[in-house]
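Colleague: I would like to go through the side-chain packing in this model. Could you put it up?

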Amino acid sequence: MNLASVIGFALFLTITVFFNYRFKTILSTNAIVFSLIFGILILQVPTRLYDFQHSRISLLEGICHILGVFAGLVYIRCKTQIMKISWLCIYILFNLFVFLKGYDLWLNKVNYGTFVGKVNIQKDFTITGFDKNNKPVIVNKGKYVVLDFWFSSCGACFKEFPQFENLYKKYKTRKDIMFYAVNTPMPSDKVGITSFRMIAERKYSFPVLQMTDNLEANKLAITVYPTTFLLDKNGNIIYKGDIEGLITQLEKL
């Protein structure tokens with residue numbers, strides 16, 4: 001979507017300038033700009049009104065398209081070439097930021113509630129699951145704890161597991177860091193296939209915790225899978241996000 005944002009910006013900028021020079025004898029610049037923005041809103045607004053929560057992921061893309069129209073307007077209205085170039089550079093720099101970093105920050109905010117993943121949340125509950133021997137495991141204080149929440153029919157979760165396995169192998173000699181892949185049951189999961197068997201079949205060695213329900217995930221406000229947490233030695237959550245951000249946090253420990 002970061003690429004779509006940049007392409008959309010350039011496209012609407014070009015269309016605005018072209019339409020102005022092509023139809024300026026029969027339409028005012030304001031009419032052209034209004035028509036283009038109205039067209040964008042016609043495509044964007046109904047979906048967002050219907051389900052704003054899930055459509056937020058593409059909101060920045062729509063904003064970039066509208067900015068493309070305004071960038072075209074500024075280019076048309078500026079009297080000098082220097083002013084045209086200056087304003088275009090500002091818009092282009094913004095879109096470059098969106099392409100390189102901005103959309104990643106936005107996705108973090110939409111998916112995990114924080115732009116960079118770093119948080120400081122004091123839990124007032126304990127996280128308890130079951131190991132492969134069906135023995136309860138309570139995530140205790142006293143160590144750093146990495147929790148990677150996943151469910152059995154989550155394709156993105158399995159795509160992430162090789163990275164999680166590499167991290168586990170890298171830090172498993174550290175006695176002050178614990179790793180758990182926390183399986184949360186979902187209605188879409190296949191009956192009769194256990195999380196432990198699925199991990200074992202793929203030759204992963206990281207520990208797995210099985211939850212009996214999704215209450216823990218609800219308490220942690222998990223909205224997308226996989227979601228990774230890092231708890232400090234006092235049991236407080238200091239990171240919530242994807243595995244790439246977790247790698248950065250672990251390197252600081």
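Colleague: Which elements do the buried residues of H9 pack against?

Modeller: The model is predicted. The buried residues of H9 are Ile-243, Gly-245, Leu-246, Gln-249 and Leu-250. Seen down the helix axis, these residues fall within an arc of 150 degrees, so they line one face of H9. The elements they pack against are E4, H6, E5, E7 and E8.

Colleague: Which element gives the largest share of the largest nonpolar core?

Modeller: This core has 43 residues. Among the elements that give two or more residues to the core are E4, H6, helix H7 (195-201), strand E8 (237-241) and helix H9 (243-251). The largest share is seven residues, and the element is H6.

Colleague: Which residues have the most contacts inside the largest nonpolar core?

Modeller: In soluble globular proteins, nonpolar side chains tend to be buried together. Leaving aside neighbours within four places in sequence, Leu-147 is in contact with residues including Ile-127, Val-139, Val-182, Phe-229 and Leu-231. Phe-179 is buried, with a relative accessible area of 2%. The residues with the most contacts inside this core are Leu-147 and Phe-179.

Colleague: How many residues are in the other core, which lies apart from it?

Modeller: Among the members of that other core are Leu-13, Ile-76, Cys-78 and Tyr-91. The largest nonpolar core has 43 residues.

Colleague: What is the geometry of the Trp-150 and Phe-161 pair?

Modeller: A pair of aromatic rings is described by the distance of the centres and the angle of the planes. For Trp-150 and Phe-161 the centres are 5.2 Å apart and the planes are at 85 degrees. Planes over 60 degrees apart count as edge-to-face. With that angle of 85 degrees, the pair is therefore edge-to-face.

Colleague: How many residues apart in sequence are the parts that this pair ties together?

Modeller: Both Trp-150 and Phe-161 are buried. Trp-150 lies in strand E4 (residues 144-150), while Phe-161 lies in helix H6 (residues 155-171). The pair therefore ties together parts whose separation in sequence, in residues, is eleven.

Colleague: Is the pair of Tyr-171 and Phe-179 stacked or edge-to-face?

Modeller: Tyr-171 is buried at a relative accessible area of 8%, and Phe-179 is buried at 2%. Their ring centres are 6.5 Å apart, with 25 degrees between the planes. Planes under 30 degrees apart count as stacked. The pair of Tyr-171 and Phe-179 is stacked.

Colleague: Which residues do ring pairs link into a cluster?

Modeller: The structure holds 17 aromatic pairs. The cluster linked by ring pairs consists of Trp-150, Phe-158, Phe-161, Phe-164, Tyr-168, Tyr-171, Phe-179, Tyr-204 and Phe-206.

Colleague: What is the distance from the charged end of Lys-109 to the centre of the ring of Phe-115?

Modeller: Lys-84 has its charged end over the ring of Tyr-75, 4.5 Å from the ring centre. Lys-109 has its charged end over the ring of Phe-115, and the distance to that centre is 5.4 Å.

Colleague: Which residue forms a salt bridge with Lys-169?

Modeller: A search of the whole structure finds two salt bridges. One of them joins Asp-176 and Arg-174, at 2.9 Å from N to O. Lys-169 is partly exposed at 47% relative accessibility, and its closest N and O atoms with its partner are 3.6 Å apart. That partner is Glu-165.

Colleague: Why are Lys-169 and Glu-165 separated by about one helical turn?

Modeller: An α-helix has 3.6 residues a turn, so residues three or four places apart point the same way. Glu-165 counts as buried at 5% relative accessibility. Lys-169 and Glu-165 are about one turn apart because both are in helix H6 and their separation in residues is four.

Colleague: Is Tyr-225 buried or exposed?

Modeller: Tyr-225 is in the loop between helix H8 (215-219) and E7. Not counting residues up to four places away in sequence, Tyr-225 touches Phe-149, Trp-150, Cys-157, Met-186 and Ala-217, among others. Its relative accessibility is 17%, and the cut-off for buried is under 20%. Tyr-225 therefore counts as buried.

Key:
Residues numbered from 1 in each chain as written. Predicted model: local features only at pLDDT ≥ 70, side-chain atom pairs only at ≥ 80, totals over all residues. Heavy atoms only, no water. Phe/Tyr/Trp six-rings, centres within 6.5 Å; stacked < 30°, edge-to-face > 60°. Buried < 20%, exposed > 50% of the residue type's maximum accessible area, 1.4 Å probe, protein only. Lys NZ or Arg CZ within 6 Å of the ring centre and 35° of its normal. Core = buried A, V, L, I, M, F, W, Y, C linked by side-chain atoms within 4.5 Å. Contact = heavy atoms within 4.5 Å. Arc of directions from axis to C-beta. Salt bridge = Lys/Arg side-chain N within 4 Å of Asp/Glu carboxyl O.
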